[in-house]
Amino acid sequence: MNEKSKKFQGLPSKEQILEFVKTSETPTGKREIAREFGLKGQEKISLKALLRDMAEEGLIDGKKSAFHSMGGLPRVTVLRVADIEDGVPIAVPESWSPDSGELPPRLRVVDRKQAGGKGKGNRAFPALRKGDRVLARTEETGTGWLAHVMKKLPDAQTAMMGVVEIDKTGKGWLAPIEKSVRNSAAIADLGGAEEGQLVLAEPTGKSPRAGVKVTQILGDPLEPKSFSLIAIAKHEIPFHFDDAVKDAAQAAAKLPVSADSREDLRHLPIVAIDPADARDHDDAIWAAPDDDPANAGGWKAIVAIADVSYYVRPGSALDREARKRGNSVYFPDRVVPMLPEILSADVCSLGEGEPRAAMACHMTVDAKGKIKDWRFTRAIVKISEVIAYEDAQSRIDDDSADESLRHLWACWKVLNAAREARDPLDLDLPERRVVLNEAGRIEEIAVRERLDAHRVVEEFMIAANVAAAKALESKVAPVVYRIHETPSREKLMALKDYLATYDRNFTLGQVITPGIFNRLIKDTADDAERALIMEQVLRSQTQAYYGPQNAGHFGLALGSYAHFTSPIRRYSDLLVHRALVDAFNLEQPKPQDRDIPARSGLSDKDRASLESITEAISKTERRAMEAERDTIDRYVAAWLSGKVGEVFDTRVTGVQKFGLFATILNFGGDGLLPISTIGDEYFVYEEKAQKLVGSDTGTEYKVGDRLKLRLAEANPLSGALKFELPEQEGKVEPRGKKIVHKGKARTKDRGPKKDAQGKHIVGKRGRPGNIRHQGRKKK
């Protein structure tokens, strides 16, 4: 053993190995490392396993010679897919900390055939998604780095979010904020975090016992605006624009808007009707009676939409960022925009009194509400007024509206007549609205009021969306469709079984149309039962998505439908605008700024990659919906945290073996009534009927029941609520503690118990009943 190796006892650390490799003047492999650190026997076997782990982490190349990754990109390394650009995965090194501080390289992930190699190609080349990990061989070419996948690696344990708690011994614990995670994790490294702070952490090892280390401190979890930050971090929503994107937005904002190359519509009283707190204005509308005798009783209408495609050109830094985000995300306290604010809230937004670039959809509507004709132009508009929905409705109701508003309502009535004849799905479900004060605190949680003003704007938007889809079809041009497919047979079967519990028949052999569901709802006299059936009908529907192959829109009862009206906040609409630019020769003069791409229509890459692009933006849309819903849940729980112990009127919205889900009437708030708090008897869980039935008393709890429930817990961090029956106060134990059940011991029979009809009998904790509980029977 040399003098240096005497300093080391046992297996060296990864850092020690890397330091030796970095400073060694000769190639180093396992033999040299073992000699350097004086390893023998079993230690050499352990070293081999350690080196294998280091190779998978990308620290060494995994061959006989090893080199330090800080000196450059290893020939074989672990990569993480950071983006999908035009269907090609773009990856970055998972471990990257160069001495010089330069940014990590971005590698195009290809197989050898795609890269022009001479090999047979990687037949097992996997389909990759953002976040995937791969072991890859890297190659530097004249046009940049390439990565050849050797194998796809298991997902790394993702970052966890939670609140730091310190126990009596001084040990730190990460209390989870997710409803689905029940146990706290030991913190091995606080990273400077203090008790009560919201943090991001990651596992320090493969075993849960290894604990976690704090990687980022987010601050006070109960401060205003923290709830949206939690959702942004959890769902990995891109939040900041880098300097390159900001610079590109500044340059794009300077593009001139001239009537020389646009249709001039500044003389028309076009109005934008939006929420009072709207941060951007995508659309504005105008209507007037048609003076053509051949269209007696008909209307001329214009839907003017922000001309985002003029400012955001294909292939630009702005375009890549917008595609990555897919859409804006709206929270009660903030917007995470798809485009930088200089565009989304200023230059592209159709503000009052400002000349703005617009894409105009001109429509001719007949007396029955049918769209007879349409054309698309690039225009310059000046919005005469931006009106809140409530104000527009008030003017109509008190007869103080000017002619432009009255015309909009009159045109809407004929459009609405055509809608009713089409009979689209009509689900009037309440929408929660969180009202914040100037300090960001919750002032009110209410159900958003549904006005005719909302329906007016909605119907004009639907008409323009249909016109855009049909206009592109007429030119055999690419279309990004908004698709909503007919409910699956499996979901229809579930609905049929559910309706049977109300003695309602639902025939599966018929052609399923939205009107069938509408009649089902309309024929239900009881208000509570009608709301219940509406929810079940909603659950039976498929999720809408984007795609280049038309499959119709079931919910709207339309054969062709596209999203055209919100390009500030949806990438799908931007693609439709670009397709219209190409199909109807609406290209504008070439910009003088050489850094801005000349064309604003669809690029060849767009056309070739519509399948992958639409799949990606469908995912970002779902991500946004989940983030928005999670945030509303947290706001509601925060508001209710000061009302723990109060009794609320609720309605049962779901039944499971482990308890009842209930919603507080009037303003929402969804929580669980654990079965462990309901009486002292077995409960039979009837899945088709979605109810629990007491085996001794026959007491039933089913979906739709109205119950008075006491709020037992409200957790603002997770958004979770727990209820208890008023007479069972104190039965719900704080999270993490066991509920102790008094009664007879568990029987020897470990299998699920069933009644005479073969239905599962559920014990108090929701498991197949093997525990008999003694005590008072439910009255």
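Thr 524 touches Arg 504, Glu 529, Arg 530 and Ile 533, leaving aside residues up to four places away in sequence; contact means heavy atoms within 4.5 Å. The model is predicted, so local features need pLDDT of at least 70 and side-chain atom pairs count only at pLDDT 80 or more, while totals for chains, interfaces and linings use all residues. Residues are numbered from 1 along each chain as its sequence is written, and side-chain values use heavy atoms, with hydrogens and water left out.

**Thr 524**

- Thr 524 sits in the loop between α13 (514-522) and α14 (527-540). Helices (H or I, at least four residues) and strands (E, at least two) are DSSP runs, numbered from the N terminus.
- Thr 524 is buried, at a relative accessible area of 3%. Buried means under 20% relative accessible area, exposed over 50%, partly exposed in between (1.4 Å probe, protein chains only).

**Helix α15 and its partners**

- Helix α11 (residues 452-474) packs with helix α15 (residues 571-583) at about 40 degrees, their axes 10 Å apart. Axes are lines fitted to C-alpha atoms, for helices over the stretch in contact, and angles run from 0 to 180 degrees between N-to-C directions.
- That angle makes α11 oblique to α15. Angles under 35 degrees count as roughly parallel, over 145 as roughly antiparallel, 65 to 115 as roughly perpendicular and the rest as oblique.
- Ala 468, Ala 471 and Leu 472 of α11 meet Val 576, Ala 579, Leu 580 and Ala 583 of α15.
- By class, the contact of α11 with α15 has seven nonpolar, no polar and no charged residues. Ala, Val, Leu, Ile, Met, Phe, Trp, Tyr, Cys and Pro count as nonpolar, Asp, Glu, Lys and Arg as charged, and the others, Gly among them, as polar.
- The axes of α15 and helix α17 (residues 610-640) come within 10 Å and cross at roughly 150 degrees. That makes α15 roughly antiparallel to α17.
- Tyr 571, Ser 572 and Leu 575 of α15 contact Leu 610, Ile 613 and Ile 617 of α17.

**Leu 198**

- Leu 198 belongs to strand β9 (residues 198-203). Leu 198 is buried, with a relative accessible area of 3%.
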